[in-house]
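This report covers surface, fold and nonpolar cores of the chain shown below.

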Amino acid sequence: MYYVPDGTELCGYYECEECGNRFLSLKTGPMIVCPMCGEEPDMEIGPDDEMPKAVEHAKLIQVVRGKEEVEKMDGLLSLAATGGDYNWI
């Protein structure tokens, strides 16, 4: 699959408030870091550096349950991301 591994039975459907990207994630928390516009902080800092902050902009829209539902949602979002190119399937 495009967003989550094959056989996934539970995932979260998210929308980023910053860039508007919609995606699936194995996480199901209320807010996560967007994989497109957000960055995981680099925790290797020096003595004069500020502690980095992970800004969570992606908001959970729906928890998708069931292998068939996850496959269907992944397929729909994949077509939107690839511009309707069926060759990757």
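## Surface and burial

The chain exposes about 6300 Å², and 49% of that comes from carbon and sulfur atoms. Accessible areas come from the Shrake-Rupley method with a 1.4 Å probe; for residues, only the protein chains shown count as cover. Of the 89 residues, 25% count as buried (under 20% relative accessible area; exposed is over 50%, partly exposed in between; 1.4 Å probe, protein chains only).

This is a predicted model, in which local features need pLDDT of at least 70 and side-chain atom pairs count only at pLDDT 80 or more, while totals for chains, interfaces and linings use all residues. Residues are numbered from 1 along each chain as its sequence is written, and side-chain values use heavy atoms, with hydrogens and water left out.

## Fold

The chain has four strands and one helix, in the order β-β-β-β-α from the N terminus. Helices (H or I, at least four residues) and strands (E, at least two) are DSSP runs, numbered from the N terminus.

Taking contacts (heavy atoms within 4.5 Å) between residues at least 6 apart in sequence, 52% join residues at least 24 apart.

## Nonpolar cores

A nonpolar core is a set of buried Ala, Val, Leu, Ile, Met, Phe, Trp, Tyr and Cys residues joined through side-chain atoms within 4.5 Å. The largest one has eight residues: V4, C11, Y13, L24, V64, V70, M73 and L77. β1 (10-16) and α1 (67-82) are the elements that each give two or more residues to this core; α1 gives the most, with three.

Leaving aside neighbours within four places in sequence, M73 is in contact with Y13, L24, Q62 and V64. Apart from this core lies another, of six residues, including C16, F23, I32 and A58.
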